[in-house]
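Please keep the structure in view while reading.

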Amino acid sequence: MYKILIVEDDAIIANSIKKCLENWGYDVELVEDFNGIIDQFVRFSPQLVLMDIALPLFNGYHWCTEIRKLSKVPIIFISSNSDNMNIVMAMNMGGDDFIAKPFDVNVLVAKVQAILRRAYSFQGEADLLEYRGAILNLSDASLIFQEQKVELTKNDFRILKILLENKGKVVSRDQMMTRLWDDNCFVDDNTLTVNIARLRKKLDEAGLTEFITTKKGSGYLVED
C-alpha cells in the first residue's frame, strides 16, 4: 500500500482528497502541524507528497526544498496559484507535477497513479531512518543533521543502518562483525572497536553526542 502525505491547510479540500485516495486503497495522512512538516514526513515516510503552495508560516516551495534535502520522493503541487510563473517555479524547486485548483478528483487520482507507477515500478522505495533529529537516507547512504550533511564511510553507514533498524535493542559485537565483514575472512575484534570509535567522534563533532550506547559485554545500541 502506497503512503501519501497531504500538505494542505484547507481542511475541506484536504479531507476530500484524503477520502478519495483512501477509497483507491492508499494510506493517507494529513499535515496538521505546519511547524512539524519534516518531522511528520520522516515519521510517515510517504511514497508521494501532495503540496499546496500557500501554507501557514512557510510556503510549499520552502517545504519542497526541505524535503529534497532528504528524499527524491515524488511531489505534486496542488494550488490555485496556477499562472505560468508558479508552475515553472514549482518544477524548478523540485516538483514533479502541478494540478491547478479547482480540479477533478479523477484527474488527481490519474496523475497520482501515473507518478507512483513511474517512480516505483522499477525501483524500491527510498527509506529514511530517523533518530534524535538525525536522518539516515538508505537510498544514498547519507546522514543529515540540522541541515548539515555528515560524511560517512561505507562502514559508518552500515553500522548506523544496523543500529537504527534495531532501535532499542542491543546488537552484539558478533552480529555487527558478521554484517560488516565477510564471514570467510578473519577480522581482528579490535577493528570493530576502532570503527565505532571513529564513527562516534564524527557524530560528536556534528553535535550528536552519546548517539551510540555501549552495553559492556553485550554490544551496542541506540536507545528507543
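Helix H2 (residues 37-44) and helix H3 (residues 60-68) pack with their axes 10 Å apart and at an angle of about 45°, where axes are lines fitted to C-alpha atoms, for helices over the stretch in contact, and angles run from 0 to 180 degrees between N-to-C directions. H2 and H3 are therefore oblique to each other, since angles under 35 degrees count as roughly parallel, over 145 as roughly antiparallel, 65 to 115 as roughly perpendicular and the rest as oblique. On the H2 side, Ile 37, Ile 38 and Phe 41 meet Trp 63, Glu 66 and Ile 67 of H3, contact being defined as heavy atoms within 4.5 Å. The residues of this contact of H2 with H3 divide into five nonpolar, no polar and one charged; Ala, Val, Leu, Ile, Met, Phe, Trp, Tyr, Cys and Pro count as nonpolar, Asp, Glu, Lys and Arg as charged, and the others, Gly among them, as polar.

The model is a predicted one, in which local features need pLDDT of at least 70 and side-chain atom pairs count only at pLDDT 80 or more, while totals for chains, interfaces and linings use all residues. Residues are numbered from 1 along each chain as its sequence is written, and side-chain values use heavy atoms, with hydrogens and water left out.

A second pair is formed by helix H1 (residues 11-23) and helix H5 (residues 105-120), whose axes come within 11 Å and cross at roughly 60°. That makes H1 oblique to H5. Ile 17, Cys 20 and Leu 21 of H1 make the contact with Val 105, Leu 108, Val 109 and Val 112 of H5, and the residues of this contact are seven nonpolar, no polar and no charged.

Leaving aside residues up to four places away in sequence, Lys 202 touches Val 150, Glu 151, Leu 152, Thr 153 and Asp 156. The C-alpha atoms of Lys 202 and Asp 156 are separated by 9.4 Å, although the two residues are 46 residues apart along the chain.

For the chain as a whole, buried residues make up 46% of the 224 residues, and the C-alpha atoms fill a box of roughly 65 × 30 × 25 Å, taken along the principal axes.

Definitions and conventions
Helix = DSSP H or I, 4+ residues; strand = E, 2+ residues; numbered from the N terminus. Buried < 20%, exposed > 50% of the residue type's maximum accessible area, 1.4 Å probe, protein only.
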